[in-house]
Amino acid sequence: MKIKRSAGEQIGYAIIVTLLVLFAFSTLYPFWHVLMYSISDSGEAMSGGLFFLPRKPTLLAYRTVLRTRQIFVAYRNTILKTLVGTLLSLVVTALTAFPLSLKRLHGRSFFSMYIFFTMLFGGGMIPTFLVVQGLGMVDTFWALIIPGLMSAYNMFILRNYFQQLPPELEESAYIDGATPPVALLFIILPISAPSLAAIAMFYAVGNWNSYLDCLLYTNSGDLQVLQIYLRNLIDSAGAMDSIASISGKETSQLSAETVKMTTIAVSIIPILIIYPFLQRFYTKGITVGAVKG
């Protein structure tokens with residue numbers, strides 16, 4: 001049955017749709033601009049303006065950027081950091097959230113407040129660096145993983161999710177002879193997949209975009225991550241050095257701005273591809289875990 005709207009409702013509906021379209025355009029166009037700029041001819045791209053379609057399409061910039069050794073080193077480190085960091089973060093978060101969700105745990109309020117305190121106050125950049133240095137992790141791969149291994153925010157979301165689960169699930173596992181680790185691994189975690197997937201996406205995006213930890217704790221070029229590589233390209237001299245490292249007449253036709261846009265596109269494409277597959281877990285995983293327990 002078709003709903004008949006009054007003139008005022010139709011005007012309001014048109015305004016809402018217009019605002020949503022403008023908001024969607026303002027959100028998506030920057031990504032589209034970067035992509036279209038990166039596959040446009042450098043000379044045409046330098047003329048400026050909006051990029052709805054590429055101008056004299058060419059993949060020269062991508063061939064040039066992907067021929068540099070350092071971008072593959074940065075990609076390797078970023079992918080390893082994302083995979084290893086996300087996996088370890090999920091393990092530590094789950095092992096912390098599960099005990100704190102149990103009412104029979106003595107002192108759980110104290111431990112919860114202790115962790116919550118870290119959300120309000122931090123030690124600071126220099127004390128954190130001194131801790132990392134004291135543990136001998138400076139200029140090692142683990143310096144990119146350990147300092148930010150667990151997010152208190154994500155832990156509380158997962159803890160609240162665990163609290164919503166029927167206690168009979170855990171009790172039935174114990175009756176069958178399961179230990180708490182077995183109950184967590186084979187009973188609790190499988191039915192917590194939506195919340196775990198949402199939290200995993202938070203950790204993965206954070207690890208992929210991490211910048212400060214690599215800047216502070218590593219000096220070696222072999223540990224450089226993608227975001228540091230992008231920072232170096234922000235400087236026009238850095239972009240031109242990247243071009244100059246590759247011999248060939250074609251590379252002389254590239255501008256520093258095109259190299260920057262291409263590198264940015266290469267860095268964001270993986271996340272843009274993966275995100276739609278996990279986005280469906282967001283609403284269910286976060287809203288259920290956000291209920292106060």
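## How two helices cross

At what angle do helix H4 (residues 69-100) and helix H9 (residues 180-191) pack? In this predicted model, the angle is about 105°, and the two axes lie 12 Å apart. Angles of 65 to 115 degrees count as roughly perpendicular, so H4 is roughly perpendicular to H9.

## The largest pocket

Now to the open spaces. The largest pocket holds about 730 Å³ of space. It is lined by 29 residues, and the closest to its centre are Pro 147, Gly 148, Met 150, Ser 151 and Ala 152.

Several helices share in this lining: at least two residues each come from H4, H5 (108-120), H6 (125-134), H7 (152-164), H10 (193-209) and H11 (212-217).

What is the volume of the second largest pocket? The value is about 470 Å³. Its lining is made of 24 residues, with Ser 101, Leu 102, Lys 103, Phe 162 and Gln 163 nearest the centre. H4, H5, H7 and H8 (167-175) are the elements that contribute two or more residues to this lining.

Here the classes split into 13 nonpolar, five polar and six charged residues.

Notes:
Residues numbered from 1 in each chain as written. Predicted model: local features only at pLDDT ≥ 70, side-chain atom pairs only at ≥ 80, totals over all residues. Heavy atoms only, no water. Axes fitted to C-alpha atoms, helices over the stretch in contact; angles between N-to-C directions. Helix = DSSP H or I, 4+ residues; strand = E, 2+ residues; numbered from the N terminus. Parallel < 35°, antiparallel > 145°, perpendicular 65-115°, else oblique. 1 Å grid on protein atoms, 1.4 Å probe; cavity = no way out; pocket = protein on both sides within 12 Å on 5 of 7 lines; lining within 4 Å. Points joined across faces, edges and corners; volume = space filled by probe spheres on them. Nonpolar A, V, L, I, M, F, W, Y, C, P; charged D, E, K, R; others polar.
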